[in-house]
Amino acid sequence: LASHFPSATAETFNCRGKTDILVRRKGENVFVGECKFWRGPRNHEETIDQILGYLTWRDSNAAVIYFVRNKNLEPVLEKIEAATPTHSRYVGDAEATDDDLMRFRFNLLEDDTREVSLSVLVFHFPEI
């Protein structure tokens, strides 16, 4: 990322913790990302809590990037789609989904009036 976005950093403190990916432009955050191996719906809720904790009132775009080792990807996508709306800060879907990208709207932890677009990107690397 840094070759295209010189301000991109890894493990960077933002709000309540260190996010895996942070891209700034003109001193403002334009992207906050968290990378995880898929470990199930319960961990998905914890991951959403984690990334929402990294966001400030100025942040409007964030992403969770999952690396999936499961043999079959479709059940994982179904679990993400089913588990995400049950989160307490969930507002709604943001846009139509692709096979490996889903977009949702959430309220920030500290402000019910501020929404953030949270993308969930899924990369399939099944164990052989």
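Q: Hi! Which residues gather in a patch of negative charge on the surface?
A: Glu74, Glu78, Glu81 and Asp93 gather there. A patch is made of residues with over 30% relative accessible area and no salt bridge, with like charges joined within 9 Å and nonpolar side chains (Val, Leu, Ile, Met, Phe, Trp, Tyr) within 5 Å. Asp and Glu count as negative, Lys and Arg as positive, while His and the chain ends are not counted. The place of a charge is taken as CG of Asp, CD of Glu, NZ of Lys or CZ of Arg.

Q: Before I go on, what kind of model is this?
A: This is a predicted model, where local features need pLDDT of at least 70 and side-chain atom pairs count only at pLDDT 80 or more, while totals for chains, interfaces and linings use all residues. Residues are numbered from 1 along each chain as its sequence is written, and side-chain values use heavy atoms, with hydrogens and water left out.

Q: Thanks. Back to the patch: which helix gives the largest share of it?
A: That is helix α2 (residues 74–83), with three residues. Helices here are DSSP runs of H or I with at least four residues, strands are runs of E with at least two, and both are numbered from the N terminus.

Q: And where does Asp93 lie?
A: Asp93 is in strand β5 (residues 90–93).

Q: Why does Asp93 count as partly exposed?
A: Because its relative accessibility is 47%, and partly exposed covers what is in between buried (under 20% relative accessible area) and exposed (over 50%), using a 1.4 Å probe and protein chains only. The areas come from the Shrake-Rupley method with that 1.4 Å probe, and for residues only the protein chains shown count as cover.

Q: Let's zoom out. How many helices and strands does the chain have?
A: Two helices and seven strands. From the N terminus on, the order is β-β-β-α-β-α-β-β-β. Of the 128 residues, 38% count as buried.

Q: Now salt bridges. How many are there?
A: The count comes to three. The rule asks for a side-chain nitrogen of Lys or Arg within 4 Å of a carboxyl oxygen of Asp or Glu.

Q: Which residue does Arg42 pair with?
A: Arg42 pairs with Glu46, and their closest N and O atoms are 3.8 Å apart. Both residues lie in helix α1, four residues apart, about one turn of the helix. Arg42 counts as exposed at 66% relative accessibility, while Glu46 is partly exposed at 40%.

Q: What about Arg89, which residue is its salt-bridge partner?
A: Asp112, with the closest N and O atoms 2.5 Å apart. This pair links distant parts of the chain: Arg89 sits in the loop between α2 and β5, Asp112 in the loop between β6 (101–107) and β7, and they are 23 residues apart.

Q: Is Arg89 buried or exposed?
A: Arg89 is buried, because its relative accessible area is 15%. Asp112, on the other hand, is exposed at 55%.

Q: Which backbone oxygen lies 2.3 Å from a polar atom of the Arg89 side chain?
A: The one of Leu108. For reference, a polar contact is a pair of N or O atoms within 3.5 Å; within protein, one must be able to donate a hydrogen and the other to accept it, and residues adjacent in sequence count only if both atoms are side-chain atoms.

Q: Got it. And which residue forms a salt bridge with Glu115?
A: Arg105, the closest N and O atoms being 3.2 Å apart. Here too the pair links distant parts of the chain, with Glu115 in strand β7 and Arg105 in strand β6, 10 residues apart. Glu115 is partly exposed at 39% relative accessibility, and Arg105 is partly exposed at 29%.

Q: Switching topic: where is Asp59 found?
A: Asp59 is in the loop between α1 (41–53) and β4 (61–68). Asp59 is buried, with a relative accessible area of 2%. A polar atom of its side chain lies 2.7 Å from the backbone nitrogen of Thr56.

Q: Last one, about β7. Is Leu118 buried or exposed?
A: Leu118 is buried, at a relative accessible area of 2%, and belongs to strand β7 (residues 115–124). Leu118 and Phe106 are 12 residues apart in sequence, with 7.0 Å between their C-alpha atoms. Phe123 is also found in strand β7, but Phe123 is partly exposed, with a relative accessible area of 33%.
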